[in-house]
Structures are given as C-alpha cells and as structure tokens.
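Open the model in your viewer and keep the selection tool ready. We will go stop by stop.

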Amino acid sequence: MAAAPAVTFTIGSTGSLGQRGASFPQSKPLGLRFNSHSHLKAFCGLKAMSSVRCDSESSFFGSKTGAALHASFASKAQKESQNFNYRFQPQASYKVAVLGAAGGIGQPLALLIKMSPLVSDLHLYDIANVKGVAADLSHCNTPSQVRDFTGASELGNCLKGVDVVPAGVPRKPGMTRDDLFNINAGIVRDLVSAVADNCPGAFIQIISNPVNSTVPIAAEVLKQKGVYDPKKLFGVTTLDVVRANTFVAQRKNLKLIDVDVPVVGGHAGITILPLLSKTRPSASFTDEEIEELTVRIQNAGTEVVEAKAGAGSATLSMAYAAARFVESSLRALDGDGDVYECAYVQSDLTDLPYFASRVKLGRKGVEALIPSDLQGLTDYEQKALEALKPELKASIEKGVAFAQKQAVAA
C-alpha cells in the first residue's frame, strides 16, 4: 500500500537508466540507481525499495566496469519501464475535488494533495466560504491550479470532469456514532448525488463517518442514479493501517518504512480488525501485546479526542491517511501496476456485502480483492472476525435503509 518514490510521501530521488547515463564523461561522478519493487514490500505505505546505487569516479571504477554495471540493470529497467516510468516524469493531468475543504480534515488534506505532481487541478468545495483556503494554497509552487467553490449552487461546477473525489467531515468531541450518522448521512447522500450527476466515473472516496454506513448510503444513491460502479466507491480506512503500522513499529522497535499490518472488517470500534499475524516483516507478539495493540488501534480516534481535551478529533492523521489513499488512486490512474491499499468496498470475501480488506488498485478502480490475508488466521483473529460481523451487518443495513427511505420520500 504505497506512495510512489519521488512524489508526495517519499524522500529521495530516482534517475534514468537510459543511454545518457552511459555517455557521462568518465571524470565526472556517475550515479546509477535501480529500484526493484517486491510485491510484498509494495504494501507498506511509504514504499520500501531495494536499491543499488553506485557513485563512480575514474579512480574507483574503470569504464568497462561502469559499463558492465549499467548493462546489468538496463534490461530489467526496460522491462519494468512501463510500470514505473511515471515516477521519473510524472504528468500533472488529474483533477481532484476535496469536498469539505474548509474543515479540520479538508484543509490539511488539500495541502497534501496540492503537493502531488500528478494533480493538475485542485477544486475546493465547502458550504462555508473556502476562498481563503484556496488563496493560501494557490501560493504554493506546485503544479496544480486551485479553484474554490462555495455553497450548494457551485457544487456541480466543482465536480465537472473530476477524476478523484475525497469527501469528509471530522467528528466533533462528544459525538457518538449515532450523532455522526444523523449529521453525515444526509451530507453524504447530497454530495454523492451531485457526483453522480457531474462526474459519475470518478473515484469516490468516503471519509465521513460512520463509514460502515455512509458507504452503503453512497452506493444506494449511485444505484438510484443508474451510475453505480462498485470498483470506484471506497470507504477510506487507511488511517487504521497507518495507526497499526505506527504502533507495531514502536512496540517491536522496527523500521517503520518496512512495516505493514493489514486491517480488515470495517472502520469503527470492534469492526476494525488488525491482522497482527500477517505483519510484514514477520513479528511475534505475546497474547498480552495482541490484546493491547488491537484495542489501541480500534480506539485510537478516542485517544486523540481525549488528548485534545475537547478541542477536536483526529483531523491531521486522518488528512494524512486520506491523502495517501488519494495519491495511491492517482498512481493507479496513471498506470502504476503495483498499488495496494486497504479499503472498505463492495466485497464477496465474507458473507457481508461490504468489507474492508486489501485491494489492488488500477485505472478502473478495484482490480482485485486480496483474499490471502483472511486465510490462516489465528484463533484470536478468527473469533474477532466473527464477533465484528453482526455489528458491521447492522451498520450496513442502517445505511441502506436510510438511502432507500429517502428515495421513497423523494
């Protein structure tokens, strides 16, 4: 689950292995860098790379040695060039609309998306005036052009021709999941209805909680409009993975960039199930550690609310996680064949119609569900999986019932 090298979330640079590298004068440093991407390491968010780098001077490598080193990588580089050529010359050609851009999640999310070299147009929408946010972001010297849209009358224009639409409203302190549903169900219904009318082919990324219910609401609205594509509707659960990776790396003293913990189920309470037995790199956990880490990952949002002492919720980490999912989506749209994320989507991996799991992303959205994470679970994980199903089922049914009732009333 990975952001691309030399784009939003990585540090470092890559270079071409074309013929120009071989023609550098011998008296000058010669830099060769080849990145090979393991299918498993590609899951880690900050993409782990196996790199070979050789800075060569004539006193260190002779011309024949340098040429041989170059040749040893050239053939493989050519074979993989279609898969990662965009990393060398990313094209700013995609339009992203952030819905809720004046809020606590929306502003930092918009900033992170503004940093992406793949975005040509960044549209900011909110009921509140978003001109100030747009003006501020427009001063950043990154490729995308920023436009602001305020109020329901401008929502349609904001969405026209857009490729990716993240939409989210943060939880206010003291709000229960029922409070969130009562407020956000109608908001998601209206926003997704506008998406259906103006950019039905976009990747729709639902951030607004309770995601377990709001994604089914979005799906029902799209069905009613006749434009539902299950491959392009996502509940963003990336924050659960980000937290799991962070907490596990801290607990086991692992290099964070290498850590990947798949998180399945849903996006609230016990429906969040980190599969610690599937941690990469492999790590052993005591029963006590499994219980402590699982509960912490499930309740991490409340941990932030309490730390902020009533002043807010997990807006910054949510914005980071959402931006990572947006970047992964853009990479998939741009042709990267090695993009994996956990997301809450229509699924047949269990007996539930929606389920969060690892998915492979491509130009058309979800290319494949990855069932292997659900195979060979520990007894603890299997029991937790069965325990979450009734709650997740009830949340799904609640969302579907809301959308269908609204349709009848209309």
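Of the 410 residues in the chain, 51% are buried. This is a predicted model. Color by secondary structure next: the chain has 12 helices and 15 strands. Now show the contacts between residues at least 6 apart in sequence; 71% of them join residues at least 24 apart.

**Stop 1: α6 and α7**

Two packed helices are described by the angle between their axes and the distance between the axes. Select residues 177–198 for helix α6 and residues 211–225 for helix α7. Their axes come within 9 Å and cross at roughly 35°. The crossing of α6 with α7 is right-handed.

Now show the side chains where the two helices meet. On α6, pick F181, A185, V188, R189, V192, S193, A196 and D197. On α7, their partners are S213, T214, I217, A218, V221, L222 and K225. Sorted by class, this contact holds 9 nonpolar, 3 polar and 3 charged residues.

**Stop 2: α8 and α11**

Move on to helix α8, residues 238–252, and helix α11, residues 315–333. How far apart are the axes of α8 and α11? They lie 8 Å apart, and the helices pack at an angle of about 110°. Angles of 65 to 115 degrees count as roughly perpendicular, so α8 and α11 are roughly perpendicular to each other. Their crossing is right-handed.

Select the contact residues. α8 brings T238, L239, V241, V242, R243 and N245. α11 brings S317, M318, Y320, A321, R324 and F325. The classes in this contact are 7 nonpolar, 3 polar and 2 charged residues.

**Stop 3: salt bridges**

Side chains of opposite charge can pair when their charged atoms come close. How many salt bridges are there to look for? The count comes to 17.

Start with R331 and D336. Their side chains meet in a salt bridge, with 2.4 Å from N to O. Are R331 and D336 buried or exposed? Both are buried.

Next, select K389 and D351. These side chains also form a salt bridge, at 3.8 Å from N to O. K389 lies in helix α12, residues 379–409. D351 sits in the loop between β13 (339–346) and β14 (354–362). The pair therefore ties together parts that are 38 residues apart in sequence.

Check the surroundings of each partner. K389 has 15% relative accessibility, so it counts as buried. D351 is exposed, with a relative accessible area of 65%.

E386 and K389 are 3 residues apart in helix α12, so about one helical turn separates them. E386 is partly exposed, at 41% relative accessible area.

**Last stop: a network**

Finally, select R251, K252, E289 and E292 together. Which residues does the network of salt bridges link? It links these four: R251, K252, E289 and E292.

Methods:
Residues numbered from 1 in each chain as written. Predicted model: local features only at pLDDT ≥ 70, side-chain atom pairs only at ≥ 80, totals over all residues. Heavy atoms only, no water. Axes fitted to C-alpha atoms, helices over the stretch in contact; angles between N-to-C directions. Helix = DSSP H or I, 4+ residues; strand = E, 2+ residues; numbered from the N terminus. Parallel < 35°, antiparallel > 145°, perpendicular 65-115°, else oblique. Left-handed = near helix turned anticlockwise from the far one by under 90°. Contact = heavy atoms within 4.5 Å. Nonpolar A, V, L, I, M, F, W, Y, C, P; charged D, E, K, R; others polar. Buried < 20%, exposed > 50% of the residue type's maximum accessible area, 1.4 Å probe, protein only.
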